[in-house]
Structures are given as structure tokens and as C-alpha cells.
Amino acid sequence: MSRQDDKRINRRNFLKTAGLVGVGSVITAAKVKAADANGPNVPAAQPTIQKVPKRKLGKTGVEVPVLSLGLGRPGEPAVLRQSLDWGVNYWDTSLAAGNGTSERSIGEFIAKNPELRKDIFLVTKENKSKTPDDLEKCLQTSLKQLNTNCIDLYFGVYMVNDMVRFTDDIKKWAEDAKKRGVIKHFGFTTHQNMPQCLMAASKLDWIDAIMTSYNFRLSQDKQMQDAIDACNKAGIGLIAMKTQAMRQRGPNTDPNAVAAEAEADRKMLAHFLEKGFTEGQAKIKAVMDDQRFSSVCSAMTSTTMLMSNIAVAHDKTKLAAEDMDVLKQYAQATCSGYCAGCAHICEPVALGVPVGDIMRALMYHDSYGDIAHAKAVFAEIPADVKQRLLSVDYSAAEHVCPNRMQIGKLIADAAAKLA
Ligand code: SF4
């Protein structure tokens, strides 16, 4: 890295440029705005930034950037091109994202810039296929939408919460798809019961990579740490998602709890601003510093967000023990607003209600503002379960929930917003 580049992305200088604002939308540098406005083919006056560092994706040996571009929505051409220029060439989408619009936006970009396809590490996911035939249909649709003949990493089992879908048939399909050259690597994603899924996967030699929820809250869980170690030892590449660990903003009627959480927010924010990080940057750094993860996937919908996270990827200082303590205390003080995905704990006593899925839908609605995706997740709940959502007694589930979530109130809130 040149001295000049070093100076440009120094944390403090970066934040001075950025202005101290909240998660995600951090910088307002006029040059970056110009890049957004001018579109992909106009050489806007852009800051010169070295490409982000890379790490090996487990036993695949492939090098991927420590920061990857999450495309849950259609990708803006300017962001796609800029991400490549800055080395964020791992693009993560899915068949279901934006009802296909995300994959199609990438496909359009590739159609217009075919020479750039070789520079992209393209990652997509199936959508709840039940058989190898279903899976093949999902893959063929993705290949068509993405305008490519090979997926670099295919998450052929999407949103895993147990291992029942890891059959010999799926293994054979994955091996055959690699032989046919339509995928290069195979893996799965998990948002629920992650420690159990990761530990089980560490014993499967045909899993190349896993995308898992992971953040400063989940890192407190010993089972999660053991499972990550096991995957690491097995050479499975790990990609972290949901690193911001956003809370559900359900109706919290206890004013003391609301005040305590607000104070925890204030303390955490003040600590990291003093260190030169925004809240969002500190949370990403807490995961990125963990060398067991190959990459951190973040939804970045503008070049300003991209640049903010790239600053973290380039930053060479490690968070100190006192910083991790601040995050730990913050996680404890605000845990009642965060669903950790440990559905195996609450669902056995929730009378058939998929609590984890409903909390996830609420998170998409409240924290990400992705109403369509939130409604799509909620719509998956069987009609007979939906009908009795408000009449179930959730006290037993609340009693066992390690995060003391107000499950009944949150489910009522989700039903009101998403039904
Ligand atoms: S509601 Fe509680 S027990 Fe259930 S998945 Fe979320 S954090 Fe775990």
C-alpha cells in the first residue's frame, strides 16, 4: 500500500471525511457521490483505493476478498463496477432475492461487460428445493438469469436449520454438477441452529463452504466457537453474514428496559467513535479480525457504503480486548431484542409455531426495511399455523429463551405487520 493510499483510508481521516453518522451510510465525499451519479461507464473522479485483502476459502484454495458484496436486491451498475475496481469481486446473490431481480441485474451487467465475468467470484443459492431435480431446475434458472455457464460457489442447500436435506442424492448431484462444470464449489447457508449445523457439516467432506450468521453477539456462544473451529479444521471456507446483529424493534412496554438499551447504545457508540470507528464499522471489524472467516458479506447498495466497509477491510489495527469487552457488554445489555436463531430451544415448546422464522421476518421488516422479503418469509408459514399465531401461549418458549425475548408480543407485532 502506498503512503498516499494509507493516508486516504486511515480510520480517523476516513471518519473525518465521512462525518459521524450511523450504520451503513457513512461517507458523503463529493467524489464518491459523483461516481454514483455518473453510472458505470463514466470515469468519475474516484478516490484511489488499493484492492481489499484476500483470504483462502478453506480447502478450495481459491482466494476471496475479506469483504463480499451482498446483493439481496438488484445491484446498481455503478456499485457492481466499483466493487470490482476495489477488489470486492465476491458477489453474493440468490435465486429468491428480489424475486429474481438481483440475479437478473447481475446477468445484465455481465451481458454488457462479458470481459469482466472472469474477474467475478459469483455466488448464488437455490430456493428450498426438495429433490435433486428441483435443485437442477433452480441452478438452470440461476445460470440463465445470471447470464453465465458456471457458478463459482453454489449454496445448494439454502437456509439450513437441520441436516435432513443433506442426503446422498444431494451429494451425488453436487459431485455431478462439478463434473459438468456448471458449479465449481458447493455449500450451504444457515441462519438457525448454526452451531449444530456447522458441527455436523464439519464431518461431511463434500461441503466446500458455508455462509452463516455470525457477529459480536453469536461469538459469545461456546458451541458456536467450537463449531467454527471444527469447520476450520475440516478446511470448510466460512463466510459471515448478519454481522450487524440488528435488533427487532418490537413493542417493548417496559420503559426502564427501553432506557437501559438506549444507554447501552450510547455507551457503545461513544466508545468506538473515540477509537475512530462508526458502530457499523466496529461490528464488521469484530468479525473480519477473526481469521477463521474467509469473508464478511455485507449488503452495500451504494459506493459510499462500499467505501466505508472497504476502509475496515484495509484497517490493520486489531480491536483490543477492551473493545471486545465493550461489544460483549453491549450484547448482554441488548440481548432481549436479538433473536440468536437457536430455534431448537424455543420451538419444541412453541406448539408448532416457527418462532425463528417469524423473528427473522420481523428483522427483515424492522431492521433492513425489506418489506417484500419479510412478507415472503412470513408467507411460508402454513395457513393453519398462521390462524392460531395469536392464540398460542408463548410463556414456555419465553421461559426457555436465552435472550429473554418477548416472543408473544413480537409474534403479534409480526402478524400485524406481515400477514
Ligand atoms: S426466540 Fe429466543 S430461543 Fe427462540 S430462536 Fe430466538 S433467541 Fe433462540
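How many C-beta neighbours inside 10 Å does K128 have, and does K128 count as buried, exposed or partly exposed? K128 has 15, so it counts as partly exposed. The cut-offs are 20 or more other C-beta atoms within 10 Å for buried, 12 or fewer for exposed, and partly exposed in between, with C-beta atoms placed from the backbone.

1. Basis. This is a predicted model, in which local features need pLDDT of at least 70 and side-chain atom pairs count only at pLDDT 80 or more, while totals for chains, interfaces and linings use all residues. Residues are numbered from 1 along each chain as its sequence is written.

2. Overall make-up. The chain has 19 helices and ten strands. Both are DSSP runs numbered from the N terminus: helices are H or I with at least four residues, strands are E with at least two. Of the 419 residues in the chain, 47% are buried. Take the contacts between residues at least 6 apart in sequence: 75% of them join residues at least 24 apart. Contact here means C-beta atoms, placed from the backbone, within 7 Å.

3. The barrel. Eight strands form a closed barrel in the order β3-β4-β5-β6-β7-β8-β9-β10, with parallel pairing. Two strands pair if DSSP finds at least two bridges between them. From one strand to the next, the twist averages 25 degrees. Strands of a sheet pair through backbone hydrogen bonds, either parallel or antiparallel.

4. Strand pairs to inspect. β4 (residues 90–92) and β5 (residues 121–125) pair in the parallel sense over three bridges. D92 has V123 of β5 as its bridge partner. β6 (residues 151–160) and β7 also run parallel, joined by six bridges. Strand β7 (residues 183–190) is mostly covered, with seven of its eight residues buried.

5. Helix α11. In α11 (residues 279–288), ten of ten residues are buried. Among them are E279, K283 and K285. The cover over the buried residues includes the strands β9 (237–241) and β10 (295–299). It also includes the helices α10 (255–275), α12 (303–314) and α13 (321–333).

6. α5 against α6. Helix α5 (residues 101–112) packs on helix α6 (residues 132–146) at about 45 degrees, with axes 6 Å apart. That angle makes α5 oblique to α6. Axes are lines fitted to C-alpha atoms, for helices over the stretch in contact, and angles run from 0 to 180 degrees between N-to-C directions. Under 35 degrees is roughly parallel, over 145 roughly antiparallel, 65 to 115 roughly perpendicular, and the rest oblique. On α5 the contact uses E103, R104, I106, G107 and I110; on α6 it uses S142, Q145 and L146. By class, these are three nonpolar, three polar and two charged residues. Ala, Val, Leu, Ile, Met, Phe, Trp, Tyr, Cys and Pro count as nonpolar, Asp, Glu, Lys and Arg as charged, and the others, Gly among them, as polar.

7. Ligand shell. Of the 14 residues around the ligand, C339, C342, I345, C346 and C401 come nearest. A residue is near if its C-beta atom, placed from the backbone, lies within 6 Å. The shell has eleven nonpolar, three polar and no charged residues. Helices α14 (343–346) and α15 (355–366) each supply at least two of its residues.

8. Positive phi. Most residues other than glycine have a negative phi. K128, in the loop between β5 and α6, has a positive phi near 55 degrees. L351, in the loop between α14 and α15, has a positive phi of about 50 degrees. With 14 C-beta neighbours inside 10 Å, L351 counts as partly exposed.

Note on methods:
Contact = placed C-beta atoms within 7 Å.
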